[in-house]
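Here is a short report on one protein chain. Look through the sequence and the structure, then read on.

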Amino acid sequence: MEKDTMNEKEKIEIAANSSRAVHHHVAHFSVSQVDLDTFDVSSGTLISIRDQLFVATAAHCVLDHPIGRMWFLTEHPRRPKDGILAPVSWGKNDEHDVGFYELPEVEAKNYFKTKQWCSLERISIAGWGNANMLATLVGTPAERVDVKQEATNQPLMLARVDSYTSTFLPPDDWPQNE
């Protein structure tokens, strides 16, 4: 059996290049969402199933009453007064921490005109992942949302999609909905 001859620097370089490749191919589908009551930031993925458009996200990111509260950001600076795309339906499964917002087709395509929709056929879910194993995540951490307060007290926000390598959390450590 051949001995592993890669040094730590080479392993880090491979991980960094993998993260960049994942970011390049997945960032086009990633969107940021903001709860206008708490200004909590979360991420989602634009998914198309036939003629229906969705934002897939974690269950703990789905609001019970999102109309007028859930604000989807784009790569262009936006204010709530610029328009909020209201979902037509939403749902979640707390056990598996998965959720969705269904969006109106015409409005969503216009709202996210510089983004792409990932068709369901392109998705291959491999499972929950293994706790403490490395994974590349693509989304918008709250630290990557630029916020400027205007004189009108309306925030101007710009989301920056990022990719980073992290470990899966064990299910016992997942955030819980209140």
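## Overview

Of the chain's 178 residues, 34% count as buried; buried means under 20% relative accessible area, exposed over 50%, and partly exposed in between, with a 1.4 Å probe and protein chains only. This is a predicted model, in which local features need pLDDT of at least 70 and side-chain atom pairs count only at pLDDT 80 or more, while totals for chains, interfaces and linings use all residues. Residues are numbered from 1 along each chain as its sequence is written, and side-chain values use heavy atoms, with hydrogens and water left out.

The mean pLDDT, the predictor's confidence in each residue from 0 to 100, is 77 for the chain. Of its residues, 61% reach 70 or more. Confidence is lowest in strand β8 (residues 134–139), with a mean of 64, and highest in strand β5 (residues 89–93), at 94.

The chain has 2 helices and 11 strands. Helices (H or I, at least four residues) and strands (E, at least two) are DSSP runs, numbered from the N terminus. Their order from the N terminus is α-β-β-β-β-β-β-α-β-β-β-β-β. Contact means heavy atoms within 4.5 Å. Among contacts between residues at least 6 apart in sequence, 66% join residues at least 24 apart.

## The core and its rings

The largest nonpolar core has 19 residues. Such a core is a set of buried Ala, Val, Leu, Ile, Met, Phe, Trp, Tyr and Cys residues joined through side-chain atoms within 4.5 Å. Val 55, Phe 72, Leu 85, Tyr 101, Leu 103, Phe 112 and Trp 117 touch the most other members. Two or more residues come from each of β1 (30–35), β3 (52–57), β4, β6 (98–103) and α2. Strand β4 gives the most, with 4 residues.

The structure holds 5 aromatic pairs. Rings of Phe, Tyr and Trp (its six-membered ring) pair if their centres lie within 6.5 Å; planes under 30 degrees apart count as stacked, over 60 as edge-to-face and the rest as tilted. Phe 72 and Phe 112 have ring centres 6.2 Å apart and planes at 75°, so this pair is edge-to-face. Phe 72 lies in strand β4 (residues 70–73) and Phe 112 in the loop between α2 (105–111) and β7 (118–119), so the pair ties together parts 40 residues apart in sequence. Phe 112 also pairs with Trp 117: the centres are 6.0 Å apart and the planes at 75°, so this pair is edge-to-face too. Phe 72 is buried at 0% relative accessibility, and Phe 112 at 1%. Phe 72, Tyr 101, Tyr 111, Phe 112 and Trp 117 form one aromatic cluster.

## Charged pairs

How many salt bridges does a search of the whole structure find? There are 4. A salt bridge is a side-chain nitrogen of Lys or Arg within 4 Å of a carboxyl oxygen of Asp or Glu. Among them are these:

| Pair | N to O distance |
|---|---|
| Arg 69 and Asp 35 | 2.5 Å |
| Asp 64 and Lys 92 | 3.2 Å |
| Glu 105 and Lys 109 | 3.2 Å |

Arg 69 sits in the loop between β3 and β4, and Asp 35 in strand β1, 34 residues apart. Arg 69 is partly exposed at 22%, whereas Asp 35 is buried at 6%. Asp 35, Asp 37 and Arg 69 are linked in a network of salt bridges. Glu 105 and Lys 109 both lie in helix α2, 4 residues apart, about one turn of the helix.
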